[in-house]
Amino acid sequence: MISIKAKKEIELMKHAGKIAYDLLISMKELMKPGVSTKELDDYAYKYIIERDCTPGFLGYEGFPGSICVSINEVVVHGIPSDKIKLKNGDIVTVDLGVVYKGMHTDTAYTYIVGNTTREKRELVEHTREALYKGLDVIKEGIKLNEVCRNIESVALKHHYAVFRELTGHGVGYDLHEDPYIPNYSNKESEDIVLKSGMTLAIEPMFGLKTKNIWMLEDGWTIETEDKSPSAHFEHTILVTKDGYEIITGE
């Protein structure tokens, strides 16, 4: 059952989404060599709390941070740590949720620290491109698989790996709601028709080489099996009759 949000609920999500967007933009200034991922987490926690919101990730199923910080081969769910520090050439994904009066938003951005390789830079650029290519087709009445297919088309064009186990999702009353939104064409999404008022987290995650991933012993961190880099972008969006609105945007 995919929930349809009321006007008031959407307004609450837009408030949370603007804070999430502004936070990700402000964090660009922190992406420098020597900065620890715990410093990023502390900054995000303070930013969110000072605006009368709640970090959606903190304590979620036991997660210990306010944000996930995933560097290079880490695809998702990197745990902030004083021991992990940014280095020149890293690509760093910050994934975060902001909750306002019970309504959740979810967003992610991959940053480049200093100067990096052409391969990494293009991976970041094309993963971001895939996000907006997926969004381009969204409007009431389309099949969800059109979004999945558009995202996958970018990966196929540039020969990137798509992680089958990691998907986008519905969001709003909870951090994760129905439906699951794979980043590749699939039968299940062909059976789902989008309706105005749905709120979805669209999040392409591409790997430079392998689609194989594994979880580390901490029970959270997921990285590529061959240690090749990955990138990740995400927006929470609202489906409308004629298109969509980005909730985690300006």
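**Stop one: a salt bridge between loops**

Select E140, which is partly exposed, with a relative accessible area of 30%. Keep in mind that you're looking at a predicted model. E140 and K241 form a salt bridge, with their closest N and O atoms 3.3 Å apart. The pair ties together distant parts of the chain, 101 residues apart: E140 sits in the loop between α3 (118–136) and α4 (144–158), while K241 is in the loop between β14 (235–239) and β15 (244–246).

**Stop two: other charged partners**

How many salt bridges does a search of the whole structure find? It turns up 12. Among them is K46 with E50, where the closest N and O atoms are 2.6 Å apart. Next, pick D90 and K87, whose side chains meet at 4.0 Å, N to O. D90 counts as buried because its relative accessibility is 3%. Then select K143, R149 and E190 together to see a network of salt bridges.

**Stop three: the sheet**

Switch to cartoon and find the open sheet of 5 strands, ordered β8-β7-β9-β14-β15 with antiparallel pairing. β8 (177–181) and β15 are at the edges with a single partner strand each, so one side of each has no neighbour in the sheet. On average, neighbouring strands here are turned by 25 degrees against each other, direction ignored.

Zoom in on β7 (residues 168–170) and β9 (residues 199–202), an antiparallel pair joined by 2 bridges. H169 stands opposite A201 in β9.

Finally, show the helices. α3 packs on the sheet, touching β9, β14 and β15. α4 packs on the sheet too, touching β8 and β9.

Terms used. Residues numbered from 1 in each chain as written. Predicted model: local features only at pLDDT ≥ 70, side-chain atom pairs only at ≥ 80, totals over all residues. Heavy atoms only, no water. Buried < 20%, exposed > 50% of the residue type's maximum accessible area, 1.4 Å probe, protein only. Helix = DSSP H or I, 4+ residues; strand = E, 2+ residues; numbered from the N terminus. Pairing = 2+ DSSP bridges. Axes fitted to C-alpha atoms, helices over the stretch in contact; angles between N-to-C directions. Contact = heavy atoms within 4.5 Å.
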